[in-house]
Amino acid sequence: RTLNLLHKPDSGKIIFEQEDITELNEKTVIPIRKKIGVVFQHFNLFRNKNVYNNIAFPLLLEKIDKEEIKKRVEKIADEIGLTERLNAYPSQLSGGEQQRVGIARSIITNPDLILLDEPTSALDPMITKIILDLVLDISIKRGLTIITVTHDMDVVKRICDKVAYLKKGNLSFFGETHEFFASLTTKEVSEFENEFLTDFEKIKKRESDEKKFIRVVFWGENTHESVIWDTSKDMDINVNILYGKIEELKKGPFGSLILEISGKQSMNFIKNLKEKVYYLEVI
């Protein structure tokens, strides 16, 4: 609501196409809003209009010629897989289909920016993947910038190039997606992702002077290489993998390991390994 000035900020600037739009009055901001599409969390479809008229609604407001509207709606429907549902009403659609209608309506005016509000919160995992693939495809084909608000880590991993992480009202992080997962502290990642916490608590209870526990992050090509083995094979150490995971982010593979290290050359191993991986921290 702030980014398209439905809610004006108390301070700061919003730069859109090299212009601070917070300085615009209500009359001059209307053309700017037409360049910003919005996909709502709960679809916000007109229940008494069929799919065709829901998609066409922004063009009807602009009083576009009916033939042009028909041409553009049919093209969008074909692109998004709604051709067979144009005469259906929202009550006859699945959650995924309703979200598709919302997406189609947001791009019918050929905007430069799309705002997605929790786009997958009302969808099951299978439909979520389909919708994310669709959003990614639209972004690439149309050259659109997409800003999404989400608590779903799969959305971040699947479609995001950059992350702005808001914590207690402050911008805690801004940068590349893989940097977000790599650079946040153990506790913050646990709170946000809610999947490492149990493992870390177990590790802390087992920690002793003889053992070291490290978190290692891989990014890019060496994610699938035998870096751990190559570094440890000539050293007098024991390596125990407590946790491991490799995922495909939008821009490439991302791997995370939690290792238990013991032996006389533990610190030397950690030093050498740190030079070969994207990120390493001693827990």
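## Salt bridges

D161, E176, K250 and K251 are joined in a network of salt bridges, a salt bridge being a side-chain nitrogen of Lys or Arg within 4 Å of a carboxyl oxygen of Asp or Glu. The model is predicted, so local features need pLDDT of at least 70 and side-chain atom pairs count only at pLDDT 80 or more, while totals for chains, interfaces and linings use all residues. Residues are numbered from 1 along each chain as its sequence is written, and side-chain values use heavy atoms, with hydrogens and water left out.

By this rule, 16 salt bridges are counted.

| Pair | Closest N and O atoms |
|---|---|
| E17 and K35 | 3.1 Å |
| K70 and E74 | 2.8 Å |
| R142 and E79 | 3.0 Å |

Helices (H or I, at least four residues) and strands (E, at least two) are DSSP runs, numbered from the N terminus. E17 is partly exposed at 39% relative accessibility, and K35 is partly exposed at 32%.

K70 and E74 are both in helix α3 (residues 66-80), four residues apart, or about one turn of the helix. K70 is partly exposed, with a relative accessible area of 37%, and E74 is likewise partly exposed at 37%.

The salt bridge between R142 and E79 links distant parts of the chain, with R142 in helix α5 (residues 125-142) and E79 in helix α3, 63 residues apart. R142 is partly exposed at 28% relative accessible area, and E79 is partly exposed at 26%.

## The open sheet

Three strands, in the order β3-β4-β5, form an open sheet with parallel pairing; two strands pair if DSSP finds at least two bridges between them. β3 (36-39) and β5 (145-149) are the edge strands, each with a single partner strand, so one side of each has no neighbour in the sheet. From one strand to the next, the twist averages 20°. Five bridges connect β4 (residues 113-117) and β5 in the parallel sense, and L115 has I147 in β5 as its bridge partner.

Helix α4 (residues 95-107) lies across β3 and β4 and runs at about 170° to β3. Axes are lines fitted to C-alpha atoms, for helices over the stretch in contact, and angles run from 0 to 180 degrees between N-to-C directions.

In helix α11 (residues 266-274), the residues S266, F269, I270 and L273 are buried. They cover an arc of only 100° around the axis, which puts them on the same side of α11; the arc is that of the directions from the helix axis to the C-beta atoms. Their cover includes β8 (211-219), α10 (227-232), β9 (238-249), β10 (252-262) and β11 (279-282), where contact means heavy atoms within 4.5 Å.

T231 is part of helix α10 and is buried, with a relative accessible area of 5%. Not counting residues up to four places away in sequence, T231 touches F269, N272, L273 and K276. The side chains of T231 and K276 are joined by a polar contact of 3.3 Å. A polar contact is a pair of N or O atoms within 3.5 Å; within protein, one must be able to donate a hydrogen and the other to accept it, and residues adjacent in sequence count only if both atoms are side-chain atoms. The T231 side chain also reaches the backbone oxygen of V227 at 2.8 Å.

Notes: Buried < 20%, exposed > 50% of the residue type's maximum accessible area, 1.4 Å probe, protein only.
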